[in-house]
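Please look through the structure shown below before reading on.

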2 protein chains.
Amino acid sequence: MTETTEPLSQYDAETAVELLEDGRFSAHVSDRWNIGDNPNGGYLTSIALRALRHLGGHQDPVSVTTHFLRPGLGNQPGEVHASIVRSGRSVTTGRATLVQEGKARIEVIAAMGDLSGTSGHDVDLTIAPPDDMPPLDDCVARSGLEQGVTLFIAERVDLRIRPDMSIAGASKDAEMQAWIRFADQRRPDTLAAVMFSDAFAPSIFTRLGRVGWVPTIELTVHVRRRPAEGWMMGRFVTEDLHDGRLVEDGWLWDSKGTLVARSRQLAMLLPGADTSA
Amino acid sequence: MTETTEPLSQYDAETAVELLEDGRFSAHVSDRWNIGDNPNGGYLTSIALRALRHLGGHQDPVSVTTHFLRPGLGNQPGEVHASIVRSGRSVTTGRATLVQEGKARIEVIAAMGDLSGTSGHDVDLTIAPPDDMPPLDDCVARSGLEQGVTLFIAERVDLRIRPDMSIAGASKDAEMQAWIRFADQRRPDTLAAVMFSDAFAPSIFTRLGRVGWVPTIELTVHVRRRPAEGWMMGRFVTEDLHDGRLVEDGWLWDSKGTLVARSRQLAMLLPGADTSA
């Protein structure tokens, strides 16, 4: 009998890391997840999380914080320097730095856990998805033209935006809702939920217009449950923008309408952003 | 002329650090900020932030994430090991570890900035405080008895809870609103906003009853503006509890009703918690 191996998904292949020694891993940062010139932050974070999965016993990222120090370099090699901060029964805490051309690009700290759901607690609270989200076929693909930036990531991530939120500057609210899945239909998991939490068009764009790249200073994702197979749905809102810095909140639900992840990021509105709309 | 020096506030005195060498600082962890046996997490984070303020040029914590590895030790010395990850024009990113008895207690990563508010951006969004918060005199002091734990921190932080949210297990919502200030009336600043974001009674207590200590796995605070003098007001909500892990969201406003900070924490409901209410 010959063993057959499933071909790796794009996400798995392009976030792969290989252990070198002493917590150092080699990686290749793809340019297929770029927003304009810069690799997407959720994509870069995924590479770092792969290293932490290697080192620790827990596989689900339950709390992940990434500080974006410098833009990553697409289509360039990189190294992840990772270490375990503390191993516990229910949580492994680790940190990881993605380095390219000798400079730290992102700094990650993560609590990894087990989200298979086995505790004895019988109290459960959760947040329901919006009840007026249109079906997939009524939504529209994310447009680089509308956002004012080239979206190489659209080859990797299929994003279908709620039509009334798809036009730059057309809304008084800074809110974005869309369906999301991998373009090659890879099944979502908890690592993908972190990546998806940073893969939507910035919600400020619906209010302010073609804002271009909105660089993130810091992103924290809390993953709450393992997602079911199929399209996921996300909602992202900016309720606070002051002195050029905004806080964007996100929610991701799976195809069964179960809350999978919540995210928050602190990002910058660049001075050149076209906010005349 | 003799110089006169203002006596240090309790908060300033009990979070002070002294530079030793190579990014190491000595500290003394007080037990006057304890929740039961354990120093409050926002208090411990403040000590780490003092070290980062020493090392970097930026003084306002704009994004602070703390991972709680082990309980701190009240009335014991400690060391903070801090380093700058990247210095930039608008943001300094640093990390800090609080060590006691040779073991890392908390791990902090923070982006420090300048919240004096000088950018040319003219778009401003913000979140208003609840419009039905009762005045201070109608609110009630936080009760250790109600929470099921001894609150040494009540000597340091004056918390006045909205009466309908002050009774364990009396509400179907997990929500907490209260006024807060330092007991010695020290003026609030951005560092204090981080501390206050972790100083309220857990919001899950209003729904589940005497839950005791709710240990935090990870806390992230985004500070948005510098607070005005006077009492601050906070709102904390738990909308997601699953498999014994809960996410609590927080908002802090200053005495003028301006949003100062938003926080989120991932915390654990201990198996022994009395949720029979």
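Is Arg187(A) buried, partly exposed or exposed? Arg187(A) is partly exposed, with a relative accessible area of 44%, where buried means under 20% relative accessible area, exposed means over 50%, and partly exposed is what lies in between, found with a 1.4 Å probe on protein chains only. Before going further, please keep in mind that this is a predicted model, in which local features need pLDDT of at least 70 and side-chain atom pairs count only at pLDDT 80 or more, while totals for chains, interfaces and linings use all residues. Residues are numbered from 1 along each chain as its sequence is written, chains are lettered from A and ligands numbered from 1 in the order in which they are written, and side-chain values use heavy atoms, with hydrogens and water left out.

Arg187(A) has a partner in Glu229(A), with which it forms a salt bridge whose closest N and O atoms are 3.1 Å apart; a salt bridge here is a side-chain nitrogen of Lys or Arg within 4 Å of a carboxyl oxygen of Asp or Glu. Glu229(A) lies in the loop between β12 (216-223) and β13 of chain A, and Arg187(A) in the loop between β11 and α4 (190-196), so the pair ties together parts that are 42 residues apart in sequence. The helices (H or I, at least four residues) and strands (E, at least two) named in this way are DSSP runs, numbered from the N terminus. Glu229(A) itself is exposed, at a relative accessible area of 52%.

Side chains of opposite charge can pair when their charged atoms come close. Arg24(A) and Glu79(A) meet through their side chains in a salt bridge of 3.1 Å, N to O. Because Arg24(A) lies in strand β2 (residues 24-29) and Glu79(A) in strand β6 (residues 76-87) of chain A, the pair ties together parts that are 55 residues apart in sequence. Arg24(A) is partly exposed, with a relative accessible area of 26%, and Glu79(A) is also partly exposed, with 24%.

In the other example, the side chains of Glu175(A) and Arg235(A) meet in a salt bridge, at 2.7 Å from N to O. Glu175(A) belongs to strand β11 (residues 175-182) and Arg235(A) to strand β13 (residues 232-242) of chain A, so this pair ties together parts that are 60 residues apart in sequence. Glu175(A) is buried, with a relative accessible area of 13%, whereas Arg235(A) is partly exposed, with 24%.

Now turn to the place where the two chains meet. There, 57 residues of chain B are in contact with 57 residues of chain A, contact meaning heavy atoms within 4.5 Å. Between them the chains bury about 5,300 Å², 52% of it on carbon and sulfur atoms; this buried area is the accessible area (1.4 Å probe) that two parts lose on being put together, summed over both. In chain B, the residues that lose the most area to chain A are Leu125(B), Arg224(B) and Arg264(B), together 14% of what that side buries.

Across this interface the rule finds 12 salt bridges, and one of the salt bridges joins Arg264(B) to Asp249(A), with the closest N and O atoms 3.1 Å apart. Strand β15 (residues 259-268) of chain B gives the largest share of the side that touches chain A, namely six residues. The residues of that side divide into 23 nonpolar, 17 polar and 17 charged, where Ala, Val, Leu, Ile, Met, Phe, Trp, Tyr, Cys and Pro count as nonpolar, Asp, Glu, Lys and Arg as charged, and the others, Gly among them, as polar.

Finally, consider Asp198(A), which is placed in the loop between α4 and α5 (204-208) of chain A. Asp198(A) is buried, with a relative accessible area of 12%, and its side chain reaches the backbone nitrogen of Gly42(A) at 3.0 Å. Leaving aside neighbours within four places in sequence, Asp198(A) is in contact with several residues, including Asn40(A), Gly41(A), Thr216(A) and Gln265(A).

Technical notes. A polar contact is a pair of N or O atoms within 3.5 Å; within protein, one must be able to donate a hydrogen and the other to accept it, and residues adjacent in sequence count only if both atoms are side-chain atoms.
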